[in-house]
Amino acid sequence: MIRKIIRIDKEKCNGCGACADACHEGAIDIINGKAELVREHFCDGLGDCLPECPTGAISFEEREAPAYDEEAVKEAQRKVFAKNQAMSTHTGCPGSRSMQIQRFETPETIKSTPSVEQLSKLQNWPVQIKLAPVSAPYFDGAKLLIAADCTAYAYASFHQDFIQNKVTLIGCPKLDQVDYSEKLTAIIQNNNIQSVTIVRMEVPCCGGLEMAAKKALQNSGKFIPWQVVTISIDGKIIE
């Protein structure tokens, strides 16, 4: 049947996950860092997801689509509720589900912990992408670190393994609800950047930061070595 349904522009989508959270029917998933309408028969066409999109990636269109199946939606909601009840009381984005991480220290690890004061390796300020200047002396010849802000808390040796000898920029696409790609493109275009390291968490909403950095590298027109490192919630490098 021909009916009104949402359309997601993947070029504009930054993968923040706000639309997926706002869709009570569960029609939208975050796949490879982008929002996708994966269950057309779950979309009621009312557009609860529209005002939540910070980049304007969601709009209406009229096209051939399966009819809205209210019973299927209710059944899916019941299953999700039961699963959430079994696992935790959390609903919404899986990246914000509360959990307790158990840490076990052995006498050997306690003994090997350095007693001397650890010094910060941070070389620039400000570090927030939204606040950072487009041009600054410290960008000249810099190895650029673009990191999700949670990574420094999850990964114990973040200063030593990532910040050291790099210019650091941090952000959270879910909380800031902005498209970082324009700012990052300007920084890369206007400065002699030697390399780019992207450090993100394993949670889906962190894909927005990775996509923005990759888009900036592409739009800059420069060939710059880059890599992506993914940190698990329990503080391990998994990619």
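K143 lies in strand 5. This is a predicted model, in which local features need pLDDT of at least 70, side-chain atom pairs count only at pLDDT 80 or more, and totals for chains, interfaces and linings use all residues. Residues are numbered from 1 along each chain as its sequence is written, and side-chain values use heavy atoms, leaving out hydrogens and water.

Q: Why is K143 called partly exposed?
A: Buried means under 20% relative accessible area, exposed over 50%, and partly exposed in between (1.4 Å probe, protein chains only). K143 has 46% relative accessibility, so K143 counts as partly exposed.

Q: Which residues is K143 in contact with, leaving aside its neighbours within four places in sequence?
A: Contact means heavy atoms within 4.5 Å. On that basis K143 meets N165, K166, V167, Q194 and S195.

Q: What makes E210 count as buried?
A: Its relative accessibility is 11%, and therefore E210 counts as buried. E210 belongs to helix 8, and it touches I198, R200 and V228, not counting residues up to four places away in sequence.

Q: Why is helix 7 called oblique to helix 8?
A: Helices (H or I, at least four residues) and strands (E, at least two) are DSSP runs, numbered from the N terminus. Axes are lines fitted to C-alpha atoms, for helices over the stretch in contact, with angles from 0 to 180 degrees between N-to-C directions. Angles under 35 degrees count as roughly parallel, over 145 as roughly antiparallel, 65 to 115 as roughly perpendicular and the rest as oblique. The axes of helix 7 (residues 181-190) and helix 8 (residues 207-220) cross at roughly 45° and come within 8 Å. That is why helix 7 is oblique to helix 8.

Q: Which residues in helix 7 meet helix 8?
A: They are S181, L184, T185, I188 and Q189, which meet A212, A213, K215, A216, L217, N219 and S220 in helix 8.

Q: Which residues in helix 7 are buried, and what do they pack against?
A: S181, L184, T185, A186, I187 and I188 are buried. The buried residues of helix 7 pack against strand 5 (143-148), strand 6 (167-171) and helix 8.

Q: How many bridges join strand 2 to strand 3?
A: Two strands pair if DSSP finds at least two bridges between them. Strand 2 (residues 28-31) and strand 3 (residues 34-37) run antiparallel and are joined by 4 bridges. In strand 3, E36 stands opposite D29.
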